[in-house]
Amino acid sequence: MANAKMPFCLLAFFCLLLQLFSIFHIGNAELEMNYYRESCPRAEEIIRQQVETLYYKHGNTAVSWLRNLFHDCVVKSCDASLLLETARGVESEQKSTRSFGMRNFKYVKVIKDALEKECPSTVSCADIVALSARDGIVMLKGPKIDMVKTGRRDSRGSYLSDVETLVPNHNDSLSSVLSNFNSMGIDVEATVALLGAHSVGRVHCVNLVHRLYPTIDPTLDPDYALYLKNRCPSPNPDPNAVLYSRNDRETPMVVDNMYYKNIMAHKGLLVIDDELASDPRTAPFVAKMAADNGYFHEQFSRGVRLLSETNPLTVIDI
């Protein structure tokens, strides 16, 4: 584990070091509801207010909060290591190709600054990642997720080399993704629901042109494939041009079950989308979520809770 800097969490980190002379361990035993009820009673309210304010100024921040949670928690732990910046020759996880397209990290500092005014050196960035995702989902008209526990601590280390292994790639197989989620204690049904976050996502052309050129993937709906070729007119797109296609053209900023309806109609962007709708391990869940948005929201909420409790640091590493 390598050290890197986290400018807007560094002060909080060192203050907590002085307060917590204890050994390091990983586990979710110490996560609890309303962890800051005495040390910072308004912490969750402040985060929610900031998420709402930022959403009305920069709508795509809500999508970023959701993606931050996924990228943070699947790499070792829900510990805010994703937010660490490159320093002293140690590269940030944000430099990984798997982090391509991620943005709005600067607005995490806005939330942190608001908390520091209320309760200096108290609320961890790891909890900001978890709670901002919860509240961002509401702004995206998704479910209001209760029972999101807090009490996470922040990592001092960056795990860039692990990102390439642990964060799914655009062409990973369904079996690989299911295996990775299972290793985190997330079952198949919850995994299918979490992939529904793609309803507010987009895929850059560099990650989908292999399905369009030199020949169109026969599993794609032909008309949809032509639409995608219009979005991605070159087999060698310029990454700096940021050409992309949205997963959901009808409700692109809503966490709903349109993703499942689309992949059942062979209108998914990635190979895993097609596999998800056809594989016997996942197809029944896809069909049920496509038919029942309430069921999808229920399972999505459960999946987010499971993801947010993945191996959190609950005692500072000193």
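A residue counts as buried when its relative accessible area is under 20%, as exposed when it is over 50%, and as partly exposed in between. The model examined here is predicted. Its chain has 13 helices and 4 strands, and 53% of its 318 residues count as buried.

**Exercise 1.** Classify tyrosine 35 and tyrosine 36 as buried, partly exposed or exposed, and state how their rings are arranged as a pair.

*Solution.* 
Step 1. Tyrosine 36 has a relative accessibility of 2% and is therefore buried.
Step 2. Tyrosine 35 has a relative accessibility of 25%, so this residue counts as partly exposed.
Step 3. An angle over 60 degrees between the ring planes counts as edge-to-face. The planes of tyrosine 35 and tyrosine 36 stand at 90°, with 5.0 Å from centre to centre, and the pair is edge-to-face.

**Exercise 2.** Determine the type of aromatic pair formed by phenylalanine 296 and phenylalanine 300, and locate both residues in the chain.

*Solution.* 
Step 1. Their ring centres are 5.5 Å apart and their planes form an angle of 45°.
Step 2. Stacked pairs have planes under 30 degrees apart and edge-to-face pairs over 60, the rest being tilted; the pair of phenylalanine 296 and phenylalanine 300 is tilted.
Step 3. Both residues belong to helix α13 (residues 293-308), where a separation of 4 residues is about one turn of the helix.
Step 4. Phenylalanine 296 has a relative accessible area of 0% and is thus buried. Phenylalanine 300, also at 0%, is buried.
Step 5. Together with Tyr259 and Tyr260, Phe296 and Phe300 make up one aromatic cluster.

**Exercise 3.** Identify the ring faces over which arginine 202 and lysine 288 lie.

*Solution.* 
Step 1. Arginine 202 is placed over the face of tyrosine 244, 4.0 Å from the ring centre.
Step 2. Lysine 288 is placed over the face of tyrosine 295, 4.4 Å from the ring centre.

Methods: Residues numbered from 1 in each chain as written. Predicted model: local features only at pLDDT ≥ 70, side-chain atom pairs only at ≥ 80, totals over all residues. Heavy atoms only, no water. Phe/Tyr/Trp six-rings, centres within 6.5 Å; stacked < 30°, edge-to-face > 60°. Buried < 20%, exposed > 50% of the residue type's maximum accessible area, 1.4 Å probe, protein only. Helix = DSSP H or I, 4+ residues; strand = E, 2+ residues; numbered from the N terminus. Lys NZ or Arg CZ within 6 Å of the ring centre and 35° of its normal.
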